[in-house]
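This report describes how two parts of a chain meet and what surrounds the ligand. Please look at the sequence and structure below before reading on.

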Amino acid sequence: MNLILLGAPGAGKGTQATKIAERYGLIHISTGDIFRANIKNGTEIGKLAKSYIDKGELVPDEVTCAIVKDRLTWEDVAKSNGYLLDGFPRNLFQAEELDKFAKLDGVVNINIDFKLLMDRLCGRRVCKECGESYHVSTLNGATTCARCGGELYQRKDDNPETVGSRLKVYEEQTAPLIDYYTKKGIILNVTGTEAPAEVLFEQVKALLDDLAKRA
Ligand code: AP5
Ligand code: MG
């Protein structure tokens, strides 16, 4: 089963992706995580990506598409039940490119009230070791991960100005993909506004169990 996870910044793509990948045996591919790993390792791709990510803009399509196209050829993907793309595609060009080298079964679209996102993102703290996300309001001052003890940090793009740009880019460039995949008949809509992550995952699971039966 090959899936895309679509949703605004902070909608909960990464949170749901971990759960989906585990349940269905899929390889989780997050372009944002790939770029952040490259930035950490000081690669040429990392240097290029940083200049866009820090402003909340999209990394150029040629670079991003080439990374995903290559990642899908790795052995772990061939040996798995499929893959889950998180944060790709992000505009119509990327979606059309993806159609040239991938066969998709479904697109999970997380709808969310935009009013929640600024606080969710600016208050997010992420574990450096395992990637677990927290909100500062529930940490009671803790600076380490409850799951693995790793140090928590704040993503550099989780500040009001950059979040503002990311939301604008989403509305202008990424939101049209909902229509694109609806027309293809493969969209699966869930609503993340009220639901805690576990409850949202129940909605996702119902849709994907049904899709898996039909696949
Ligand atoms: P990327 O890393 O993809 O970031 P994003 O799309 O902005 O989304 P986030 O990772 O911030 O949020 P999320 O939806 O994963 O939410 P999460 O689960 O963490 O991209 C970063 C940058 O890289 C881009 O701006 C761009 O520059 C570049 N890039 C990436 N892909 C690219 C591409 N294809 N083309 C070009 N450039 C690209 O949850 C957020 C918070 O909410 C967490 O604290 C979490 O604990 C909490 N939360 C989650 N679910 C719930 C819930 N149900 N209820 C309450 N709280 C919740
Ligand atoms: Mg994410």
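## Contact between the domains

In this predicted model, domain 1 and domain 2 bury about 570 Å² between them, with 35% of it on carbon and sulfur atoms. Buried area here is the accessible area (1.4 Å probe) that two parts lose on being put together, summed over both. On the domain 1 side, Arg-36, Asp-54 and Arg-166 lose the most area to domain 2, together 60% of what that side buries.

Domain 1 covers 3-114 + 162-214 and domain 2 covers 124-157; these bounds come from an automatic or database domain assignment. Their C-alpha centres are 22 Å apart. Contact (heavy atoms within 4.5 Å) links 7 residues of domain 1 with 5 residues of domain 2.

## Ligand 1

Both domains give residues to the shell around ligand 1, so the ligand lies between them. The shell (residues with a heavy atom within 4 Å) holds 32 residues, the closest being Thr-15, Glu-57, Arg-90, Arg-124 and Arg-166. Helix H2 (31-40) is among the elements that supply at least two residues, and H2 gives the most, with 4. Helices (H or I, at least four residues) are DSSP runs, numbered from the N terminus.

An oxygen atom of ligand 1 lies 2.9 Å from a backbone N or O atom of Gly-14. A nitrogen atom of the ligand is 2.9 Å from a side-chain N or O atom of Gln-94.

## Basis

Residues are numbered from 1 along each chain as its sequence is written, and chains are lettered from A and ligands numbered from 1 in the order written. Local features need pLDDT of at least 70, side-chain atom pairs count only at pLDDT 80 or more, totals for chains, interfaces and linings use all residues, and side-chain values use heavy atoms, leaving out hydrogens and water.

Methods: A polar contact is a pair of N or O atoms within 3.5 Å; within protein, one must be able to donate a hydrogen and the other to accept it, and residues adjacent in sequence count only if both atoms are side-chain atoms.
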